[in-house]
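Please work through the following exercises with the sequence and the model at hand. Each task is followed by a solution in steps.

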Amino acid sequence: MKTRTKNLIFILLTIVLFSLANPFSVFAEENTYEVKFQQKENLNVLSRKIVLWKYDQMLEASSTEDANKLLEDLKKTYNANKLEEKLESPLEIEFTKGENGDLIAELEPGYYVGYEVLELSSEETLRAFHGFWLKDKDLIIQPKFSEDQVGKIILLKTDDKGKPLANVGFRLYFATDHPLNDTNELLAVNIAKSGEEYSYDLDGQVMDLYTNNEGKIVVNNLPAGDYVFREIKALSGYTIENRDTVFVVVANGSTEKTIINKPGGAFNFKKIDGQTNMALKNAKFKVVIKDGNDFKAAMDKDGNEIILVSDEEGRFSVSGLPYGTYYLIEISPPSGYKLLTEAMKFEIGQGSETKLMIIENIPDNPPDEPPENPPDQPPDEPPGNPPDEPPGNPPGEPPEEPFTIIYKENPPLNLNKRPNLPLSGQIPKTGDITIIIMSIVGMAMVFLGNYFVHEEKNA
């Protein structure tokens, strides 16, 4: 009897201790609800997989708008096959099979996101994105299946009269907010080509895409999200109105856009000294158009005034202007030259990119004007070349500029010649032999002292 009582007491104490260590597992009732994922009818399913994450950040959103944005970002991430990368390890869930192939899970309240994949006997793959809030009752999920979450882009290139333009070059980029772009810049898309059409291919390569004879570029198999088509090569005689065009690709959809090029061209200019034909640099001009009896500034594609500056060879040019009549006005002459006051007319049209306009400037003090010093006074400085020496530069050529070497104020430290730092394994030289001698004497005295002490102990 005593033995049974002891055993009973031992069992009760064990239960009490276990319940104290795990109070919720013993006394608390599990707060879970049934979530049923319905099976789509009339499908011959070979396999079915459901992957879920608990995503309670959705419940922490400050507004419905913020929650919808979070969900939309997750959908884009799912479309890019990057949910595992973003949310890391999914939940480990044991599903039970119900009627008609339904899958049932017991889940705690919270917000869940994930996806489902069906492999069919017809070799098709159906996918569905899941996002649901499990509150305080059972839930039935009806998946909205679709095929792979990809779409396509159709770009049409025409002139301003609707004529298709072939051989116009573009490059395709993931926009900065695309799920497949983890940078802060546009990211070029890897492409594979088949016939006249292109397709997204992770194992493909970045390439330039060209419009076909119908003026089209078709790109298939693009994961849903935002893209940018950048025009990199316009046809001769046309201008690029907008360099970048944004496309939004939707799953299982097709996005079409027409991009228009207007006829345009270029013109070339050269600035020279009107007397020596020497090239003049740093002359500044503005391109204008006639507005009644006045002029107004011509604008580039970004809405800025067109300002041109001559280079070392006196050359400058303008490009990307629609066909028409333009004028050039000098707003700043080269140093030492007079400002031109007349507007110079030029035409942009077919073949104008091969034309060259020569613009002459006259010095502030040309030779035919009286010099600053009166004839009866000698010049302040002697001429650069004596009469019996040839000039340093032939007429018509600019003087040579001296070659200038720029030294840095603080040259970099030469680590092989660091002052006061001995090389490894070497003793620095101090220049005082006395210290070395005194050190040797001291060591000898210590040795002799130890020797005499030892002898005294033996005696």
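**Exercise 1: A loop residue**

N100 is placed in the loop between β3 (96-97) and β4 (103-107); strands are DSSP runs of E with at least two residues, numbered from the N terminus. The model is predicted: local features need pLDDT of at least 70, side-chain atom pairs count only at pLDDT 80 or more, and totals for chains, interfaces and linings use all residues. Residues are numbered from 1 along each chain as its sequence is written, and side-chain values use heavy atoms, with hydrogens and water left out.

Task: determine whether N100 is buried or exposed.

Solution. Step 1: buried means under 20% relative accessible area, exposed over 50%, and partly exposed in between (1.4 Å probe, protein chains only). Step 2: N100 has a relative accessible area of 65%, so N100 is exposed.

**Exercise 2: Backbone angles**

Solution. Step 1: most residues other than glycine have a negative phi.

**Exercise 3: The nonpolar core**

Task: identify which residues touch the most other members of the largest nonpolar core.

Solution. Step 1: such a core joins buried Ala, Val, Leu, Ile, Met, Phe, Trp, Tyr and Cys residues through side-chain atoms within 4.5 Å. Step 2: among its 22 residues, L172, L209, V219, L222 and F229 touch the most other members. Step 3: a second, separate core has 18 residues, including F269 and L328.

Definitions and conventions. Helix = DSSP H or I, 4+ residues; strand = E, 2+ residues; numbered from the N terminus.
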